[in-house]
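Have a look at the model first, and then we can walk through it together.

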Amino acid sequence: KVFDPFFTTKDMGKGTGLGLSTVYGVIRQMGGAVGLESSPENGATFQLFLPAVEEEIQTSQESAPAAADPQDLTGAGRILIVEDEDPVRAFVRAALTDCGYQVVEAEDGEDALDVIKDEDGEFDLIISDVMMPVMDGPTAIQHARADLNLESKVLFMSAYAEAAVQEQLSAIDDAAYIQKPFTLKGIAGKVKQLLYEPDGRQEAQ
C-alpha cells in the first residue's frame, strides 16, 4: 500500500501519505518505473528507472518570468464531505476549514443521505469519493437528487483515473471530478472554481 494515495503509517495529523504516491505518479508519467526492496529491520531501498534521452537540451537565455501572485483560496459556504477513509476525510476537512468553509462529514453514501435529509440539503457543494463500501458516491447522489431534492453542486474524487470510473460518473449530470492524490491547494482551488466560476467543471490538475 505504500504507493496508495493518502496511505501513511504516521499518526493522525503527522503525515498526508502523498509523498510516495506523487513520486510514483510522476515517474510513471515520464515512462519510468519504481522498484522497491524492503525487509524487516533493514529499511527499504527504492530504485527509480527513467528512459534515456539522447536529444540535446535547449536552454533559454531569456530571464524567467516573475512569479505569479499567490492564488486566493479562501471562500464561504457549506460543504459535505463523503469519504470512508478517515485520513482523507480529515485532510480535506482541514484544507477547506482553513480556507473559511463550513464543513460537515459523512463516512459513506448511506450516512451522507441521512446528513442531507437532516440538513434539508442545505449544502453549496457535495464532495464525495466514488468507490465506497455500503453505498458508492454516485448512487448516493442519485438518491439525494431524486428523493431529497438535492440541488447542490457535486465534486467526485477518486484514486482512479477519470476514464476508469466514467461509467459511474456519467450517471450524474454536471458533476466535476478531481483525481487523488491532490494537494491542499489543489482541492481548495477546485472547490473555489466550482463555487465561484460557472465553467469550473474540468478535472483539476
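Five strands make up an open sheet, and their order across it is β4-β3-β5-β6-β7, with parallel pairing. The edges belong to β4 (102–106) and β7 (176–179); each has a single partner strand, so one side of each lacks a neighbour in the sheet. On average, neighbouring strands here are turned by 20 degrees against each other, direction ignored. Please keep in mind that this is a predicted model.

Let us zoom in on one strand pair. Strands β5 and β6 run parallel and are joined by five bridges. Within this pairing, leucine 125 lies opposite lysine 153 of β6.

Now for the helices. How far apart are the axes of α3 and α4 where they pack? The axes are 9 Å apart, and the packing angle is about 25 degrees. Since angles under 35 degrees count as roughly parallel, α3 is therefore roughly parallel to α4. The crossing of α3 past α4 is right-handed.

| Helix | Range | Contact residues |
|---|---|---|
| α3 | residues 109–118 | Gly109, Leu113 and Ile116 |
| α4 | residues 137–147 | Ala140, His143 and Ala144 |

Sorted by class, the contact of α3 with α4 comprises four nonpolar and two polar residues, with no charged ones.

Key
Residues are numbered from 1 along each chain as its sequence is written. This is a predicted model: local features need pLDDT of at least 70, side-chain atom pairs count only at pLDDT 80 or more; totals for chains, interfaces and linings use all residues. Side-chain values use heavy atoms; hydrogens and water are left out. Two strands pair if DSSP finds at least two bridges between them. Helices (H or I, at least four residues) and strands (E, at least two) are DSSP runs, numbered from the N terminus. Axes are lines fitted to C-alpha atoms, for helices over the stretch in contact, and angles run from 0 to 180 degrees between N-to-C directions. Angles under 35 degrees count as roughly parallel, over 145 as roughly antiparallel, 65 to 115 as roughly perpendicular and the rest as oblique. A crossing is left-handed if the near helix is turned anticlockwise from the far one by less than a right angle, and right-handed if clockwise. Contact means heavy atoms within 4.5 Å. Ala, Val, Leu, Ile, Met, Phe, Trp, Tyr, Cys and Pro count as nonpolar, Asp, Glu, Lys and Arg as charged, and the others, Gly among them, as polar.
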